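Here is a walk through one protein model, written for someone new to reading structures. Keep the sequence and the 3D view open while you read.

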Amino acid sequence: MEFEVLGPLRVRTESKPAPLTAAMPRTLLGMLLVRANAPVPVDVLVDALWAGQPDPRAAKKLQLHVHRLRRALGDPARIRFEHSGYTLRVAPDELDADRFEALLTESAASEQPAQTVALLRKALGLWRGDPFGDVGDVPMLRSEADRLTERRLDAVEELYAAELAAGQAAAIVAELAERAARHPLRERLQGLLMTALYRAGRQAEALEVYRNTRTALVDELGLEPGGELQRLEHAILTGDPALDVPAVPSATPPAQLPADVGDFTGREAALARVRDHLTVGTDRAVQVLAVAGKAGVGKTTLAVHAAHRLRDDFPDGQLYVNLRGVEDQPLDPSGVLARFLRALGSDGTALPDDTEERAAMYRSRLAGRRMLIVLDNAAGEAQLRPLLPGTPGCAVLITSRARLAGLDSAVQVDLDILDDDHAVELLGRAAGPQRVATEPHAARQIVRLCGGLPLAVRVAGARLGARPHWPLSRLATDLADEHRRLDELRLGDLEVRASLALSYESLADAARRAFRRLGLLDAHDFPAWVTAALLDVDQAQAERLVDALVDAQLLDVAGRDGAGQLRYRFHDLLRAYAREVATAEEADADRLAALERAFGGWLALAEDAGQRVASSAFGITFDPGECWRPDAEVAASLLTDPSGWFEAEWAALVVAAEQACSAGMDWLTCTLAGRLAAFFVVRGRYDDWRRIGHLMLAAARHAGRSRWEGMALRGLGELDLLQHRLDEAVSDFEQARTAFEAVGERHGHALATSGLGAAQVEAGRFDEAQTSLAQALAALREMGDHRSGAWALRRLGTMHHLQGGYEQAAVCFEQALSDLAEFDDPLGQAAVQDRLGAVRTLQGRGREAHALLERALALRRDHGDHFGEARALVSLGELYRTEARWNQAVDCLGDSLRLWRELRLPWEQARTLAHLGAVHEEAGHGEAAHTARREARRLFAELGVAAPAELALAPAR
């Protein structure tokens, strides 16, 4: 359990906030924490909680509040009644104020300025605001808050004193000046600022700070500055050498690299590129290499590891600085130059104030030397340019989250996540290789849930290392919950969330909003126009915001899709963080409205595209209504190839329909699913067709809309019919008819009746089929829907075909073609041409059959209709069979069989194999005939059906 009072009062149990919102229990907890592990008398608590106002029932009420607090903490033993008071048991390190004091004690004992700085910064990092900041005004709490605040200011002063002792005067001036401005009467803080300015070569500004401080003391307190501050002013005026930090002797090469990591893993290609570039040609030019990558990808680790490997190549030393590029106040180049110049032997008092003059001095100091300069965590090109050497011999290794495209002559290296093997190796180095070897599946699951991000993998490994009794599967299970994943990826000062937050907080407001909104999408990848929908802005602004996120390494370019549009995607942990900040910073209604616009945009584009490629087989169209729409110019460019657009977007569209369904957007779910079904019919994506069909059905029933339910059931019936699941198809169509009847929807009822008739045809129930199809045809013609009527005619013709009534079948097919002539429905025409061609084959009218079937095949292929292409190939194969053109027949049937397998339609595979067996038999290919028929019998047996009569198979040999 963690108790946090260095800011608003907060309690966390197992990294989750405790449910503690009411004022009374928060004040009670604050009082108990002030005297943790010691009894707080009842009368003191009563006086604090009831503000000194007598209440005869106060003691009883206090007992009730204590009981509620125990329940909120989830540990009744935490609070005990003893010695006429209540004691809150707090273990070591559970209270942030205790941890703060322990770090201050440790820093005071340190003799190394750098270590002192690290400990003090860690201590101050525990603060989140005013202590007990959101607890009521209680004297005891106010007194403790004042004490803690004073301790904080003491720590701040000790920090800057340590920074000065470490020679970091120029680097801390801006930060120290901002602190000093908030506390103009604290003489020690003002003195530290004067010292820092003096050592940074800014003597005049140091003296101005003294004058301003004296004025404030006299005006506010009527006092002159103390003796220490006065002596400091005199030392600055006289240039007292005691104020200087001893410079590094020029004979001692600087060796400023941080320690190398012991578990460096992978990155061989990147290391080789760094080595090759930085060690070749340095005698001719300054070699500069910049490593870019998202937060936590290991840029600093790579740079430091590579720099250690290259030390022997740069005998004159190595300079290093963390430029703090993603923090609120990146280091000023002038201060960094002062630091480097002192490391190179310059006297701090001799440094010019002007940045350009310091840069010139720096370049002069580097001239003729072979040095490696590591500039870590850069903010951008402007920060870097003054820090680059001017003459050959030196090499510069830069890291930055953004690509530094404006840095002339720099080689760019983009660092990506680790592959699974290297990520598992890194996990094993932290958690123990034997544990990883024992649970390889859980290890791979962990690194995949970490998204291959080295920082996340390192934290996961460290957590496992700290808990040797944990099986890896436990952490894998914890990480699998996206809502808890970032909470699980923290240990001590290692935290993935904090690293991601730095990138997010460095963005402008509009880019932050884009990041949050894009993270709401479940789609694996998405085009830029979706950003316009989520933010309700124009396309140009959306593209600028997407570019900003890509530049900040918060969004990845996934590539260009078949429709020619760039697609983008999130790293999994960045998506989790985006959703987290969206939940925290945006209202539910705003998030839902953004998603509704995005889904509406997909729907509007899908409807426009679908009008051009949809098949009359499904017969459903939707009005996208008042949906958000992309700019007309954008939509036109995307839909130049509507089939290609569907191919590029189908996965995102399915996920959008699922997300809309989960969000209760029933109309959007049904309309998206209905439009997608028409596309999946053509493309043969039957698993996805079934998936969105059930989504549509669920949304329809949730909304209580019988018409939508009927449409969903009819779509599922068409799918079951196509997959030869005849009992399910009949049930679907009958339920659809019932749903349509309930709302008087005659058109939907007629379409469902047509589907029912087709299922009855396939089942050999010809009398029932005749009735159903005749009813459907009459109803559709009466309503003027000749397009759907043509489909019913095609089904009626198929029934006559199977019964041997070829002339009746031909009449039906010719009438269907005539009815379709007035529509732009090439796939509908191709389906009828295929059936008519098959009948002409049986009638011995080969030339006419050839023309029909070739046209049908060409149309199917042009529109990517793989199911129809396979059907047309079977019909052509049968035509070639009647002409004894065995090779062509085998080729057609073989190509058809390959398509059926890709479409995973075993019924059609079995039928085609039976045809193929007959062709081989007639061609005298006995063994091939036997193989094809044996496979056909196996498939029919697996399906639990007998082979159709027209495909009578020879008995097994």
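This is a predicted model: local features need pLDDT of at least 70, side-chain atom pairs count only at pLDDT 80 or more; totals for chains, interfaces and linings use all residues.

Let's start with His747, which touches Leu780, Met783, Asp785 and Ser788, leaving aside residues up to four places away in sequence. A contact here means heavy atoms within 4.5 Å. His747 sits in helix 34, residues 746–762. Helices (H or I, at least four residues) and strands (E, at least two) are DSSP runs, numbered from the N terminus. Is His747 buried, exposed or partly exposed? His747 is partly exposed, because its relative accessible area is 25%. The cut-offs are simple: buried is under 20% relative accessible area, exposed is over 50%, and partly exposed is in between (1.4 Å probe, protein chains only). Now look for Leu857: His747 is 110 residues from Leu857 in sequence, and the two are 31 Å apart in space, C-alpha to C-alpha.

Residues are numbered from 1 along each chain as its sequence is written, and side-chain values use heavy atoms, with hydrogens and water left out. As for pLDDT, that is the predictor's confidence in each residue, from 0 to 100. The protein chain averages 87, and 96% of the residues score at least 70. Residues 246–251 stay under 50, and the model has seven contacts for them beyond four places in sequence. Residues 615–619 are also below 50, with 18 contacts in the model beyond near neighbours in sequence.

**The sheet**

In what order do the five strands of the open sheet come? The order is 8-9-10-7-11, and the pairing is parallel. Two strands count as paired if DSSP finds at least two bridges between them. At the edges are strand 8 (318–322) and strand 11 (411–414), each pairing on one side only. Neighbouring strands are turned by 15 degrees against each other on average, direction ignored. Those angles come from axes, which are lines fitted to C-alpha atoms (for helices, over the stretch in contact), and run from 0 to 180 degrees between N-to-C directions.

| Strands | Bridges | Facing residues |
|---|---|---|
| Strand 7 (residues 287–292) and strand 10 | six bridges | Val288 opposite Val396 |
| Strand 9 (residues 372–376) and strand 10 | four bridges | Leu372 and Ala395 |
| Strand 8 and strand 9 | five bridges | Tyr320 opposite Val374 |

Helix 11 (residues 268–279) packs on this sheet, touching strand 7, strand 9, strand 10 and strand 11, and its direction makes about 160 degrees with that of strand 7.

Now zoom in on strand 10, residues 395–400: six of its six residues are buried, so the strand is largely enclosed by the rest of the structure. Side chains in a regular strand alternate between the two faces of the sheet. In strand 10 both faces are covered, with Ala395, Leu397 and Thr399 buried on one side and Val396, Ile398 and Ser400 buried on the other.

**The cores**

A nonpolar core is a set of buried Ala, Val, Leu, Ile, Met, Phe, Trp, Tyr and Cys residues joined through side-chain atoms within 4.5 Å. The largest one has 169 residues, and those touching the most other members include Leu427, Ile446 and Trp645. Another core lies apart from it, with 107 residues, among them Leu49, Leu319, Ile398 and Leu407.

**Aromatic pairs**

Rings of Phe, Tyr and Trp (its six-membered ring) pair if their centres lie within 6.5 Å; planes under 30 degrees apart count as stacked, over 60 as edge-to-face and the rest as tilted. By this rule there are 17 aromatic pairs. Phe646 and Phe679 have ring centres 4.5 Å apart and planes at 15 degrees, so this pair is stacked. Phe646 lies in helix 29 and Phe679 in helix 30, 33 residues apart. Phe867 and Trp900 make an edge-to-face pair, at 5.2 Å centre to centre and 70 degrees between the planes. Both Phe867 and Trp900 are buried.

Most residues other than glycine have a negative phi. Asp536, though not a glycine, has a positive phi of about 55 degrees. You'll find Asp536 in the loop between helix 24 and helix 25.
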